[in-house]
Amino acid sequence: MGSVTHNKSVEFFETQFQRQIRGQDYALNPFETLALDYLTGTVLDLGCGLGNLSLEAGRRGHRVVAVDASPTAIARINAQAQQEGLPVQAIQADVESWTIDQSYDTVVAIGLLMFFRRERALELLRAIQEHVHPGGRAIVNVLTEGTTYMGMFQPDNYYLFPDHELEERFGGWTILLSRHGTFPAPEGTRKEFSTVVAERPSQTS
Ligand SMILES: C[S@@+](CC[C@H](N)C(=O)[O-])C[C@H]1O[C@@H](n2cnc3c(N)ncnc32)[C@H](O)[C@@H]1O
């Protein structure tokens, strides 16, 4: 098992995943459930967390590469994939510096991009878009301005997207779904989300 990136956000999730594994809590979250219906072909699941989406995608026949900084999550995914004989490969990497090395039919990033400074978050979003095959899909979910639950952020290393920025950055793509939502968080705070599913044009002019 690799070492944990020294990053408050990653440590937050590492602790959460260890707790979830102890409790055998592997339920898909609402965004992962939503994403399942839009997956096509090969899948990159960036910031895959415990891999509930990646593993379910593998069960449905998708070849999946799952990436996260949490060693606990990566070990769990690879063990489960091996046990079930699924075409899922999990890689431990810090996405602050990791580069996407090949293109996929679907690139998923649920709940990841807000854990970087604005410049890196937008650079990653562009990299995601560039690594979707023509006719393929990007499924991206971020926290937006208005979010008041800050406990999982490293103070100098996060970005709350303005309300419509995510969708606007998919100019020229077909927006299959664009949704905003609010979820209650601890101590009376809240999380505001934006989710976009977009299809890259088949032909680039
Ligand atoms: C909100 S969770 C989302 C997990 C999963 N996509 C889901 O929907 O349940 C955020 C994930 O991003 C990962 N993460 C945060 N910063 C990261 C980084 N710098 N490199 C790689 N993964 C990171 C965390 O370890 C965590 O698994």
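Biologist: Where is the place of Glu-187?

Modeller: This is a predicted model, where local features need pLDDT of at least 70, side-chain atom pairs count only at pLDDT 80 or more, and totals for chains, interfaces and linings use all residues. Helices (H or I, at least four residues) and strands (E, at least two) are DSSP runs, numbered from the N terminus. On that basis, Glu-187 belongs to the loop between β6 (174-184) and β7 (190-199).

Biologist: Is Glu-187 buried or exposed?

Modeller: Buried means under 20% relative accessible area, exposed over 50%, and partly exposed in between (1.4 Å probe, protein chains only). Because the relative accessibility of Glu-187 is 82%, this residue counts as exposed.

Biologist: What is the phi of Gln-24, a residue other than glycine?

Modeller: Gln-24 belongs to the loop between α1 and α2, and its relative accessible area is 58%, so Gln-24 is exposed. Although Gln-24 is not a glycine, its phi is positive, with a value near 55 degrees.

Biologist: How many Å separate the C-alpha atoms of Gly-85 and Arg-59?

Modeller: Gly-85 is placed in the loop between α4 and β3, and it counts as exposed because its relative accessibility is 63%. Along the chain, Gly-85 and Arg-59 are 26 residues apart, and the separation of their C-alpha atoms is 9.0 Å.

Biologist: How many residues of helix α3 are buried?

Modeller: Helix α3 spans residues 52-59 and is mostly covered. Its buried residues are Asn-52, Leu-53, Ser-54, Leu-55, Ala-57 and Gly-58, and what covers them includes the helices α2 (30-36) and α4 (71-84), along with the strands β1 (43-46), β2 (64-68), β3 (88-92) and β4 (104-110). Out of the 8 residues of α3, the number buried is 6.

Biologist: Which residue with a positive phi follows α3?

Modeller: Phi is near 100 degrees in the residue asked about. This residue, which comes after helix α3, is Gly-61.

Biologist: Which residues does Glu-165 touch, not counting residues up to four places away in sequence?

Modeller: Glu-165 is part of helix α6 (residues 165-168), and it is buried because its relative accessible area is 8%. Contact means heavy atoms within 4.5 Å. With residues up to four places away in sequence left out, Glu-165 touches Arg-118, Leu-122 and Tyr-159.

Biologist: How many Å apart in space are Leu-160 and Gln-92, C-alpha to C-alpha?

Modeller: Leu-160 lies in the loop between β5 (132-143) and α6, and it counts as buried because its relative accessibility is 14%. Leaving aside neighbours within four places in sequence, Leu-160 is in contact with Leu-143, Thr-144, Glu-145, Thr-147, Met-150 and Phe-153. Gln-92 is 68 residues from Leu-160 in sequence, and the C-alpha to C-alpha distance between them in space is 25 Å.

Biologist: Which helix gives the most to the shell around the ligand?

Modeller: An N or O atom in the side chain of Asn-29 is 2.8 Å from an oxygen atom of the ligand, and a polar side-chain atom of Asp-94 lies 2.8 Å from a nitrogen atom of the ligand. From the backbone, a polar atom of Ile-110 is 2.9 Å from a nitrogen atom of the ligand. The element that gives the most to the shell, with 3 residues, is helix α1 (residues 8-22).

Key. Residues are numbered from 1 along each chain as its sequence is written. Side-chain values use heavy atoms; hydrogens and water are left out. A polar contact is a pair of N or O atoms within 3.5 Å; within protein, one must be able to donate a hydrogen and the other to accept it, and residues adjacent in sequence count only if both atoms are side-chain atoms.
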